[in-house]
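I opened this notebook to look up the pockets of one structure. My entries follow below.

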Amino acid sequence: MDRFPNAKVIEKLPEGWLIEAEVYGKGCMMWLLSQGERVEVISPQSLRDEMKRTIQLMADKYN
């Protein structure tokens, strides 16, 4: 929550928290990627797709 001051906790889930935040630019994606498997982008679909594409490019470097 300290990285996204406007973030709101939407729901406490058994596996963690559902958080909503309005973000801009590439900084949020860099931070999300730094969290590894501990985070999942739910929406918007465009950010989810970009995360998936970036993670695949990262994985390809190790094949």
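**Entry 1: the largest pocket**

I looked up the lining of the largest pocket and found 26 residues, with Trp17, Leu18, Ile19, Leu32 and Glu40 nearest the centre. Strand S1 (8-13), strand S2 (16-20) and helix H1 (27-34) each give two or more residues to this lining. S2 supplies the largest share, five residues. I noted a volume of about 950 Å³ for the largest pocket. By class, its lining holds 18 nonpolar, three polar and five charged residues.

**Entry 2: model and terms**

I note that the model is predicted, that local features need pLDDT of at least 70 and side-chain atom pairs pLDDT 80 or more, while totals for chains, interfaces and linings use all residues. Residues are numbered from 1 along each chain as its sequence is written, and side-chain values use heavy atoms, without hydrogens and water.

A pocket is an open set of points on a 1 Å grid over the protein atoms alone, where a 1.4 Å probe fits, with protein on both sides within 12 Å along at least five of seven lines; lining residues have an atom within 4 Å of a point. Its volume is the space filled by probe spheres set on the points, which are joined across faces, edges and corners. Helices (H or I, at least four residues) and strands (E, at least two) are DSSP runs, numbered from the N terminus. Ala, Val, Leu, Ile, Met, Phe, Trp, Tyr, Cys and Pro count as nonpolar, Asp, Glu, Lys and Arg as charged, the others as polar.

**Entry 3: the second largest pocket**

I read a volume of about 290 Å³ here. H1 and helix H2 (45-60) each give two or more residues to the lining of the second largest pocket, and H2 gives the largest share, eight residues. Of the 15 lining residues, Leu33, Val39, Met51, Lys52 and Ile55 lie nearest the centre.
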